[in-house]
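Here is a short tour of one model, meant to be read with the sequence and the 3D view side by side. Please keep both open as you go.

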Amino acid sequence: MRRQLLIFLVLLPVVIFCRNYVLFYLDQKLLPVSVTVSYDKDDALNFLFDKLAEPVPGTVSFVPRNLLRAYFFVEKALVIDLRSTVLVGIDFQQERYLIHQLLRTVFENFKAIDSVYITVDGKRKDKLVNYVDVRYGFPKQIWSSWPIEGER
Amino acid sequence: MKRLLLFLLIIVSVKSFSFDLYVGKKLIYSSADLENIMSWSSFVSFMENYARMMGMDNLSTGEIGDFHYLVWRGHTVGYAMNSNVFVVDGVTTRSKAVPVDNILSVFQLPFLRRESEIVLADMIINKIIKTDDIIDIVYDGANELVFVQKQNQIEVVSNSFVAVNGYIYKPGELVLVIQTDKKIDQKIEMPGLTRVVLIKETFLNDKVVTLKFGEVSQIPEDGILIFYSDGDDRIIIRPYSPDFEGSDWPVYAQNKRIAQQIATRFGLKLELCPLYSLPVGRIAMVLLLSDDTKIQKIEEYLKELLR
């Protein structure tokens, strides 16, 4: 009984202070797989990018390591600045699914954010790599669910 | 017989001298008091709940000795219990309780008076903005409007007690008629805003242009653009963006509807992704097909759809 109480007391702060975050990976058929993780520090976005680059067993991820260069919040928008060197060589499918994984994860975990803007190497660009248009903002309404019908 | 008569008299008198306060169709407060009066505490509690229900600014309350007051929307209402003095924006009257209808008027809250009942609106429309393709209705409270599509017009009907410019429309009453040859494509709900996107049923451009994805240097100016390539049977269309503040919604809605019809007919997945090759503000899609021969069938189907 005492031991159980001790374990409970040790775990209590972890339960109280840790926040749960949901990450979106992909299975072998590229269907979304959500995984919940806990994190208790402030820099949650860096943590989420790092975790997305380390898919859990049985999943894949198109988010490369060291992708996030910087980020800042402007009212209800989040601006994320990505590093182009780690995006070299990704194909059409990887570029789209990278965007879906990132935005789905961001909008799921930061409910107060309405839109996301993407810059590359600190500058506004037309395309993320070769295909995805990053000139305009990405709205929460589209990525608050998986943006591919039949794969939700 | 005498007993029955007495009973009926009691019922009638209670009914006659009761006071009921409704918000829309919901009874919020009822008492056997004469006239439309409430105790100060009931009144404050009601006002707090109403402001919360309607999503309006919070009111502030306080007390100085025996004097209790409430400040809301630039007006101050106060009540000194022992002396039965009632103060509205500095003007003093003697009253044992809160005269509800007077105070609602001070706060400019629209209401209906029906015998022993006061009915407050559960939707207060603040602004109606109509552009070619969008009707925006900005309101406080709950959305209690029903949009009825008729030939060459859209009727907006009240589903509860809806206030517009101080007038309250009862359930089933016609609030607004919008003359248009367009149809309702979708209704988008946001807190305090209903946005109705209109669409013209006949497509302005029925020309279909098919192009090989990734091999096009110049895009034709007219026609619905269909890019195609090898792939895993999916259609990709451009979603809308917050940068266009809703002006790209009609094209998005039309684009999505066409893409959904093609997807259903040919067993394709529909993906929303802003590809750079898909021009903004134009019906355009990328088809990734496992079978190249499908593109001709899709083109024929699309032409049939647009006819």
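## Salt bridges across the model

How many salt bridges does a search of the whole structure find over all chains? The search finds 17, where a salt bridge is a side-chain nitrogen of Lys or Arg within 4 Å of a carboxyl oxygen of Asp or Glu. Before we look at some of them, a word on the ground rules. This is a predicted model, in which local features need pLDDT of at least 70 and side-chain atom pairs count only at pLDDT 80 or more, while totals for chains, interfaces and linings use all residues. Residues are numbered from 1 along each chain as its sequence is written, chains are lettered from A and ligands numbered from 1 in the order in which they are written, and side-chain values use heavy atoms, with hydrogens and water left out.

Side chains of opposite charge can pair when their charged atoms come close. In chain A, A:E108 forms a salt bridge with A:K111, with 3.7 Å between the closest N and O atoms. A:E108 is partly exposed at a relative accessible area of 22%, whereas A:K111 is exposed at 53%. (Buried means under 20% relative accessible area, exposed over 50%, and partly exposed in between, using a 1.4 Å probe and protein chains only.) In chain B, B:K150 and B:E155 form a salt bridge whose closest N and O atoms are 3.2 Å apart. Here B:K150 is partly exposed, at 40%, and B:E155 is buried, at 15%.

Now turn to B:E271, which forms a salt bridge with B:R234, the closest N and O atoms being 2.6 Å apart. B:E271 lies in strand β24 of chain B and B:R234 in strand β23 of chain B, so the pair ties together parts that are 37 residues apart in sequence. Helices (H or I, at least four residues) and strands (E, at least two) are DSSP runs, numbered from the N terminus. Both partners are buried, and B:E271 has a relative accessible area of 0%.

Leaving aside neighbours within four places in sequence, the residues in contact with B:E271 (heavy atoms within 4.5 Å) include A:P147, A:I148, B:I235 and B:I237.

## Where chain B meets chain A

What does each chain bring to the contact? Chain B and chain A take part with 24 residues each. The area buried between them is about 2100 Å², with 59% coming from carbon and sulfur atoms; buried area is the accessible area (1.4 Å probe) that two parts lose on being put together, summed over both. B:Y240, B:L272 and B:Y276 supply 27% of the area that chain B buries against chain A, more than any other three residues.

Across this interface there are 3 salt bridges and 13 residue pairs in polar contact, both residues being at pLDDT 80 or more. On the side of chain B that touches chain A, β23 (234–237), α4 (249–266) and β24 are the elements that give two or more residues. Of these, β24(B) gives the most, with 4 residues.

## Strand β24 and its neighbours

Strand β7 (residues 148–149) of chain A pairs with β24(B) in the antiparallel sense over 2 bridges; two strands pair if DSSP finds at least two bridges between them. A:E149 stands opposite B:L270 in β24(B), and A:E149 also forms a salt bridge with B:K256, the closest N and O atoms being 3.8 Å apart.

B:L272 sits in β24 (residues 269–272) of chain B and is buried, with a relative accessible area of 5%. Beyond neighbours within four places in sequence, B:L272 is in contact with residues of both chains, among them A:I142, A:W143, B:P239 and B:Y252. B:L272 and B:I235 are 37 residues apart in sequence and 8.5 Å apart in space, C-alpha to C-alpha.

Methods: Polar contact = N/O pair within 3.5 Å; in protein donor to acceptor, adjacent residues only side chain to side chain.
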